[in-house]
Amino acid sequence: MGYVDEVIERVVAKNPGEPEFHQAVKEVLESLRPVVDANEALYRREAVLERLVEPDRQIKFRVPWVDDKGQVQVNVGYRVQFNNSIGPYKGGLRLHPSVNISIIKFLGFEQVFKNSLTSLPIGGGKGGSDFDPKGKSDREVMAFCQSFMTELNKYIGADVDVPAGDIGTGAREIGYMFGQYKRIRGMYEGVLTGKGLSYGGSLARTEATGYGLLYLTDEMLRCNGKDIKGKTVCISGAGNVAIYACKKAQELGAKVVTVSDSTGYVYDPEGIDLAALKEIKEVKRARLTEYKNYRPNAEYHEGRGVWNIPCDIALPCATQNELTIDDAKALVANGCFAVAEGANMPTTLEATKYLQANGVLFAPGKAANAGGVATSALEMSQNSERLSWTFEEVDSKLKTIMVNIFHNMDDAAKRYNFEGDYVVGANIAGFEKVVDAMLAQGVC
């Protein structure tokens, strides 16, 4: 049995009941075989893969809070600090009922490579809670966030671990958490990113993941002799990433025809009305069922099915494992030629392999959605310098980072004779920087 297979087997045995984490480890390590095989003696002696798949620490804690009826509620909080070889731990805080240790570990593991790809000095981590902010009052959200930060503050800091937003954690939640951190620690520092502009946030952070997704997608198409202008795009999700991916795609001349949420999806053959989408989701915080009130000719469908709509480019921007093998087959049958992941691991491993086998250009999430964490790192820089850059400055830096990420993963794939396989390329490019730092710093 080879080194990669041994480590995968050990991860599954040591972490039972964690399918998302197993999936992420398998996907990454399988694609690293060429590098590992070329350096097996060194990596075995230094236990590089064993150290890579074992988080530095896993923190789990109780989060008690009081709802508006005076009832005490209890949630579970997590922070997994995975690897800080190239910089402070960096990764979002996810607030969603589905959150468990497997999901947090998979996200933290992916974050190590994603952050490495940005070329910025940030390590990988992730956190969150099974708390659901949907349907909660502002006071209830504040009560939860303050309790959550009362425990989390012990483990984070501007030069230690810098959390950010994620699913369920927007500007409101970050604000409450930052206020509690400042209150407890008595320090005003860049300990969280995604902050409001009035207290250290960065312009373009809201748009960053969606914009970055399109900057990388556009570069991938251009380098493969294609043009995004005039193409039909299907997007899943209707949150921050999906909204700004839709906006940038439209600016680049594409027609976006779908968005979705947890209840169903909208198909608008004339192109998604971005203003209506933003009002529904950002102002009203409502469901997409309201979209037909703005665009009567659009179709609303309950449940799944967004990937059955014919398109040239698919951008999954919702959640993990949303694009299945059946969806992949439907996309290929309908002539889709490019898929770029706006969410974290939204495509199942089986679907990814099917898309690649059928000649679909595929950009993995650790590369394609790295714009958010890249801009978070830029926010950290601004906080450290006590400066605020213009939107244009941040956006320009973001575009440069995303274009470089594409070329770095493209070059890595070519070096190991996997030209066009951007999954392998992204994993190798991210891994090489991390492992160099790990080996340079000794056994730690």
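This is a predicted model: local features need pLDDT of at least 70, side-chain atom pairs count only at pLDDT 80 or more; totals for chains, interfaces and linings use all residues.
Local features were taken at pLDDT of at least 70 and side-chain atom pairs only at pLDDT 80 or more, whereas totals for chains, interfaces and linings use all residues. Residues are numbered from 1 along each chain as its sequence is written, and side-chain values rest on heavy atoms, with hydrogens and water left out.

Side chains of opposite charge can pair when their charged atoms come close. With a salt bridge defined as a side-chain nitrogen of Lys or Arg within 4 Å of a carboxyl oxygen of Asp or Glu, the structure holds 28 salt bridges. One of them joins the side chains of Arg-44 and Glu-6, with an N to O distance of 2.9 Å. Arg-44 belongs to helix H4 (residues 40–45) and Glu-6 to helix H1 (residues 3–14), so this pair ties together parts that lie 38 residues apart in sequence; helices (H or I, at least four residues) and strands (E, at least two) are DSSP runs, numbered from the N terminus. Both partners fall in the partly exposed class, Arg-44 with a relative accessible area of 33% and Glu-6 with 24%, where buried means under 20%, exposed over 50% and partly exposed in between (1.4 Å probe, protein chains only).

A salt bridge is also formed between the side chains of Asp-138 and Arg-172, at 2.8 Å from N to O. Asp-138 is placed in helix H7 (residues 138–152) and Arg-172 in helix H8 (residues 171–185), so the pair connects parts separated by 34 residues in sequence. Asp-138 is partly exposed at 46% relative accessible area, and Arg-172 is likewise partly exposed, at 21%. The side chain of Arg-172 meets that of Glu-173 in a salt bridge as well, at 2.9 Å from N to O, although Glu-173 counts as buried, with a relative accessibility of 4%. Elsewhere, Asp-268, Glu-270, Asp-273 and Arg-295 are linked in a network of salt bridges.

Arg-33 is found in helix H3 (residues 33–38) and is partly exposed, with a relative accessible area of 24%. Leaving aside residues up to four places away in sequence, Arg-33 touches Val-4 and Asp-5, a contact being heavy atoms within 4.5 Å. The C-alpha atoms of Arg-33 and Gly-2, which are 31 residues apart along the chain, are separated by 9.4 Å.

For aromatic residues, rings of Phe, Tyr and Trp (its six-membered ring) were paired if their centres lie within 6.5 Å, with planes under 30 degrees apart counted as stacked, over 60 as edge-to-face and the rest as tilted. By this rule the count comes to 14 aromatic pairs, and one aromatic cluster is formed by Phe-61, Trp-65, Phe-131, Phe-144 and Phe-148. Lys-136 lies over the face of Phe-131, at 5.2 Å from the ring centre, given the criterion that NZ of Lys or CZ of Arg is within 6 Å of the ring centre and within 35 degrees of the ring normal. Lys-248 is positioned over the face of Tyr-211, at 4.3 Å from the ring centre.

Finally, Val-74, found in strand E2 (residues 72–83), is exposed, with a relative accessible area of 54%.
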